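Trainee: I have a model open and would like a close look at one single part of it. Could you walk me through that part and then show me where it sits in the whole?

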Amino acid sequence: MSAVVRHFRSAIVLGVALAGAAAAAAAQDARLGAQLDEGTRVLVQAAVDSARAAGLPTEPLVDKALEGARKRADGTRITRAVTALAARLRASRSSLGAGATESDLVAGAAALQAGVSADVLHQLRAARPSGALAVPLVVLSDLVTRGVPTDTAAAVVLLVAREGMGDDAFLTLQREVQRDVMGGAPPASAAAVRTRGVLAGGTVRRPARNAATDATRNATSSAKP
Amino acid sequence: MTDEEREMRLAADVREALGNGPPSTPEARARVMEAVRAAGATPRAGASRPGWRSPGVGLLVAASIAGIIALVRARGLSYVPEPVPGINRPSQPVAAGAPTPARSVGAVSDNAAVRVQFVLVAPDAKSVAVVGDFNDWNPSATPLESARGMWSSEEVVTAGRHDYAFVIDGTRWIADPSAPQAPADELGGGYSVLIAGAKP
Amino acid sequence: MRPGLSRVEATDAAVVRRVLAGDVEAFAVLVERHHQRCLRLAMRLVGSAQDAEEVVQDAFVRAYRALGRYEEREQFSAWLTRILVNRCRTSAARSARRAQTFVHDEVAAGAAAARGGADARVWRAEIERALAALPPEQREAFVLKHVEELDYDAMARITGAGVSALKMRVKRACERLRVLLEGEES
């Protein structure tokens with residue numbers, strides 16, 4: 001966008017009650033300008049503007065570009081990360097609905113990035129029709145990232161959601177699976193066991209070695225760390 | 001020509017045509033190592049034995065440290081635990097608890113401000129900072145303060161989901177070992193997630 | 001060069017032990033040894049050099065995180081390949097770029113052309129397209145068998161499929177490729 005157009009646009013927008021949004025956009029502009037080379041900045045700005053026009057949150061996109069700049073990634077990589085995130089935000093909104101908060105959308109985008117399907121997001125929304133979904137989605141992404149197979153992770157998270165359990169149940173599940181996996185347990189088994197515990201309303205004791213060894217044998221034969 | 005001979009010929013043609021794939025450059029390998037360093041604490045040996053293991057001493061102590069800190073926060077004390085010898089090894093920072101957000105009064109909308117505390121046990125670090133979407137990933141913006149190797153800082157962030165990481169000695173980016181993980185994306189990354197305003 | 005770890009002499013298993021003892025930088029030795037091979041395999045499975053580099057980087061990071069679970073009786077290269085093949089599958093499933101739209105690798109095609117003239121460039125494009133047209137399982141089996149030149153036992157360990165299923169996939173892949181490349185019915 002040329003400086004003239006930018007200037008013209010700013011002049012009009014400032015005169016209107018949208019001054020707040022314009023100030024935010026201008027601030028984003030300045031942050032990008034401070035960290036990115038001009039070529040990359042133009043491309044990223046275009047992605048940000050396009051997202052804004054589509055009613056998608058723009059701050060996550062700016063943050064992503066700044067993250068890339070701080071990690072000294074090259075311009076191509078940064079641009080790709082931003083446009084890919086924009087696409088995931090869009091897909092996230094398709095599945096989670098127009099009422100989803102920014103946190104919900106970003107959490108949904110992360111879940112999609114982790115390999116969770118859009119349909120699972122849709123089902124999660126159906127399981128919790130109103131209210132925030134950020135925590136279940138964060139926990140879902142965490143489980144998958146730690147090695148729980150996508151379908152297993154989706155199944156347990158949906159199960160907990162359909163039981164009407166609150167965010168603390170999900171956070172407990174995440175903490176316990178994390179501890180188990182760090183201790184060497186197969187992620188899929190840990191997820192299953194700890195979900196049972198959360199649904200039962202208490203902490204399940206670790207299973208006897210025999211049952212766990214069987215589960216391990218099954219899990220490691222396909223061996224996907 | 002037999003089937004097998006034909007198969008061999010086809011295979012040889014394909015191999016020759018495809019060559020060796022994109023070249024492995026020093027830059028690409030350096031990017032791999034950058035991502036590896038950012039992936040967090042050195043993996044622990046011996047996790048390969050099948051079945052459930054009893055928690056290693058390291059895990060037990062980390063858990064007790066987290067327990068102590070939770071207790072401290074609940075009672076508003078300013079106790080600082082002694083570093084445990086043999087546990088906090090150099091270049092193996094252990095998070096002593098995920099950031100614990102304070103409860104906000106009333107419903108927490110996505111714009112409410114929430115006080116959170118970042119904590120990392122890293123006795124051999126010369127500096128630790130937290131970077132995230134709340135400070136433009138700027139390693140200079142939010143340094144943590146050290147009390148005998150336990151680094152911490154209290155910050156105010158907007159309620160909701162945040163990506164973050166710790167930066168050790170200005171260059172080494174690591175995830176928070178005790179927080180939920182974010183998946184890696186086009187930038188590599190894959191650090192930690194904080195949900196401010198959620199119950200711990 | 002770090003003391004105690006000679007790049008020429010240390011086996012992969014020894015390097016792994018070193019990393020597990022706390023020496024993150026030693027992992028670079030494994031990267032150096034296996035990066036090119038991984039790139040080659042990833043390229044065959046995901047179809048574009050950019051995706052290949054990303055998926056290989058992802059595989060190395062996962063391998064690093066899971067290093068505590070590596071068992072020395074298995075070759076590190078095979079273990080790493082297993083992780084990589086898995087990442088390639090996930091990447092292919094996630095990517096909007098399906099088999100029909102493999103990105104033509106212009107750089108590599110140029111290299112092929114330099115080696116063998118303009119015909120080589122066309123031939124390479126044909127092969128890429130034909131490979132891309134295979135169902136993912138057949139492509140994977142064909143690449144592992146005939147490009148990576150693994151034996152069926154190693155392939156079984158890497159993919160989790162049985163040897164007879166793999167043989168069938170390779171056979172079907174060859175038949176399909178022949179039809180696509182030579183325009184002949186077997």
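Trainee: Which residues of H8(A) are buried?

Mentor: A word on the model comes before the details. This is a predicted model, in which local features need pLDDT of at least 70 and side-chain atom pairs count only at pLDDT 80 or more, while totals for chains, interfaces and linings use all residues. Residues are numbered from 1 along each chain as its sequence is written, and chains are lettered from A and ligands numbered from 1 in the order in which they are written.

Now to your helix. The buried residues of H8(A) are A:Ala134, A:Val135, A:Pro136, A:Leu137, A:Val138, A:Val139, A:Leu140, A:Ser141, A:Asp142, A:Leu143, A:Val144 and A:Thr145. Here a residue is buried if 20 or more other C-beta atoms, placed from the backbone, lie within 10 Å of its own. Because 12 of the 12 residues of H8(A) are buried, this helix is largely enclosed by the rest of the structure.

Helix H8 of chain A covers residues 134-145, and from its first C-alpha to its last it reaches 16 Å, close to the 16 Å expected. That expected span is 1.5 Å times one less than the number of residues. Just after H8(A) comes A:Gly147, with a positive phi of about 115°.

Let's step back to the chain around this helix. Chain A has 12 helices and 0 strands; helices (H or I, at least four residues) and strands (E, at least two) are DSSP runs, numbered from the N terminus. Buried residues make up 47% of the 225 residues in chain A. Two residues are in contact if their C-beta atoms, placed from the backbone, lie within 7 Å. Of the contacts in chain A with a separation of 6 or more, 62% are between residues 24 or more positions apart.

In chain B, 44% of the 200 residues are buried. Among its contacts between residues at least 6 apart in sequence, 67% join residues at least 24 apart.
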